[in-house]
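Take a moment to look it over, and then we'll walk through it together.

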Amino acid sequence: MSEPTKAVFLSYAREDTEAAKRIAEVLRAAGAEVWFDQSELRGGDSWDQKIRTQIKTCALFIPIVSQRTEERSEGYFRREWKLATDRMQDMGSGRTFIVPVAIDQTKEDGADVPEEFRRYHWTRLPEGAATPEFVEQVKRLLEPKKPALTASAKPPMSTLPPFKQSAQAAAAAVAVAAAVAPKSGSRLPLILGAVAALIVAAGVFLWLRHPAAESLPTQRLEAAATAKPAPELRRDKSIAVLPFTNMSEDKDSGYFADGVHEDILTNLALIRELRVVSRTSVMQYRATTKTMKQIAQELGVTYILEGSVRRSGNKVRVTGQLIHAATDEHVWAEAYDRDLTDVFSIQAELSKKIAAELKAALSPEEKANLERRPTSNPVAYDLFLKARQMNRDGNDTREELLAQAAVIQSAVTLDPDFAEAWGYMAAILSQIRFGFIDMSDALLARAKAAIDRAQALAPNDPGVDIAVGTYYYYAHRDYQRALVYFEQATRRFPNAYTGPFLTALAQRRQGHWMESLENLRRAQQFDPGSTEIARNLVISLRAMRRYDEAIIEQARRVRLLPESLRESFALALLHYFARGSTKEVDELLASPLAARAGPDDLLAHRKIWGMVKGDLATADQIDQARPELWADGALGIDNNWNGVLIRAAQGRVKDVRDRLEKEAADRRARLATEPANARVWGQLAQIEAVLGHRDEALAAVRKSNELFPLAKDALSASLTSFSYAFTLAWTGDKAGACAELKNILAASSLVHVHLLKNSPWFAPLKGYPAFEALLADPKNNVPLF
């Protein structure tokens, strides 16, 4: 039997297994022993006795409360709850034993739980998203020599506010700026924002701002035991900055108001003592009808700042109003009328005034950081804000990324010392190369010149070091070299999402899947409202075939982006990948949400779905009418020439030969200037294979594999293997194609059994025994880890 002072017992209803599992995983990762085993929910006398013994000897009992437990008047978990409360009767009054956790909005008052549970405020961890502060409090409560509190004193972990009430606790050096909530389209990866944040934190200013790391306020056990509510609230240094209202006559200049809002959030995040809610969490309150008190309760803050921005000519007016939300007391209101060149002074003054009101001491370094000016040129700054807006609104197409680079080029032309813009330039150009959009030497040289310029402007800055790591990640796929910088960020800034997130992305590319997943989970603990972290978790979990967990994460994205057909489609598609069910996608595409998405968006998703599930007639019909429409990024596979493939799979190669020849000529022309573009070589191989040009196809696919082997990128290079299998299949080597597919299915990748089954990519293999055996083998669709 384990030491009773070291074990945590999780009690949960079977419907809440996934949430309980997530809590268990996080606590175990922190070194706690957790008694939780889904496989043992089977009943029986011996099992029952084991549970009784564990409850009798555990150090902490964590009952998981939810709407599911409310709906079940009977269940084994209720027996566990009774055993725990019975044990409490034999404990001293100073012992903390029961730690209730609610994983949804179930209220304490009136909940169908033992009365003992109501002696504690509940910790709220929606969906089991355990926060770093929750973990720390559990670890402290498990310390055998730590004095325990009485239940009536409300143990500090029970005073932790709900998930939606979490306040941001960014380390002062990691001022990850408050970025826009990601749109439904694919975004420039969050890694760019993370790097930008570190640049600012070290004094070089952000070049792409993303949400600051969130954590709950850390409270000492002794303070929680003696706190007096009203005075303590006054001293609480937590604040949410609501989106600023654009009061300019030019309503198209909303990006400017958003930029000022982001920069003020960034400044506040630079102050070590403040707890600032991330932009991800506050953006939902734009134009809200909720009261300040409601918002503060949901976000777990004491203060709220609301404001507006009006720009006219070369003048700007920024207003700010600080509110003590619990009392609706307007602490102060200020209006700043300045020249546009003084907008950074306004941001600094607002930030310092808030810090003073919240009694947050400013170190000399923090004060200097607040007073820095990214640029003295207002036009350059305006261009930078426009580029950021383009980034958040676009889909990262070649045209959009090049347009962003052009806007940033204009900014640095106006102000060659605008370090933030140079860093952003390097990131955008590196992203273009990373996505195989442009692999030319000329573009790489531009990216290198931009990062060199950023380094020249701040040669010893740790943020610039991270920017260099990003450059190696994107421009060169040198993940080991990038990791040196990313792991350094984790050591220097242990309380921010930045280091774990960047490290996770690099580890995934190296094929270190479990380590990467652990770091993604850690990053999500710091910023649980981030749709981008959730997106990357879905990618990893899908590649690892951990579909149940992927569905949970994608459901999170759907809740954050409820009107996005793309996100709901991705969720429904996961059910198809998991078990071949078409019901979810069919129902979605017939739903009101799909109708609201607009005719083009709906047609694009209907076409990709028809291709995936084998309804090639529908896909063909849509493609002939609208060949340019595709649900971008829906499958992670290139869509450029799938329209002709649909007809080729139906035995109609002659109908599309002219288009295939045109596609092949386009690829050859690109390779003349981008000979190292492995993706284009792979596309050419597939096109040549469908045309029946066996030798040319095999030569092209071998070149693709040579340039981009699986060892170079465990996530994306699997698509090179996909091209190889495709080429073999369409050139008549069915056995070779099946052997390659077997290798693909044995490793983590975005290629899955149900993606192969009915789609046109491997039409020549349908009915071939080895191919059908691969699809039918259960082990090819079970989790890999």
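What follows is a short tour, from the overall build to the inside and then to some charged pairs.

First off, keep in mind that this is a predicted model. The chain has 785 residues, and 60% of them count as buried. Along the way you'll come across 37 helices and 11 strands. If you look at contacts with a separation of 6 or more, 69% of them link residues 24 or more positions apart.

Now for the inside. The largest nonpolar core takes in 166 residues, and the ones touching the most other members are Phe 256 and Phe 762. Which residues does Phe 762 contact, leaving aside its neighbours within four places in sequence? Phe 722, Phe 726 and Phe 771 are among them, along with Ala 725, Ala 729, Leu 741 and Leu 756. Another core lies apart from this one; it has 26 residues, including Val 8, Phe 36, Ile 62 and Ile 64.

On to the charged side chains. Side chains of opposite charge can pair when their charged atoms come close. How many salt bridges does the structure hold? The count is 49. Here are some of them:

| Salt bridge | N to O distance |
|---|---|
| Lys 367 and Glu 371 | 2.8 Å |
| Arg 667 and Glu 663 | 2.7 Å |
| Lys 779 and Asp 777 | 2.4 Å |

These pairs are worth a look one at a time. Lys 367 is partly exposed, at 39% relative accessibility, and Glu 371 is partly exposed at 39% too.

Next come Arg 667 and Glu 663. Are these two buried or exposed? Arg 667 counts as buried, with a relative accessibility of 2%, and Glu 663 is buried at 15%. Both sit in helix α31, which covers residues 653-673, and because they are 4 residues apart there, about one helical turn separates them.

Then there's the pair of Lys 779 and Asp 777. Lys 779 counts as exposed, at 52% relative accessibility, while Asp 777 is partly exposed at 24%.

How values were computed
Residues numbered from 1 in each chain as written. Predicted model: local features only at pLDDT ≥ 70, side-chain atom pairs only at ≥ 80, totals over all residues. Heavy atoms only, no water. Salt bridge = Lys/Arg side-chain N within 4 Å of Asp/Glu carboxyl O. Buried < 20%, exposed > 50% of the residue type's maximum accessible area, 1.4 Å probe, protein only. Helix = DSSP H or I, 4+ residues; strand = E, 2+ residues; numbered from the N terminus. Core = buried A, V, L, I, M, F, W, Y, C linked by side-chain atoms within 4.5 Å. Contact = heavy atoms within 4.5 Å.
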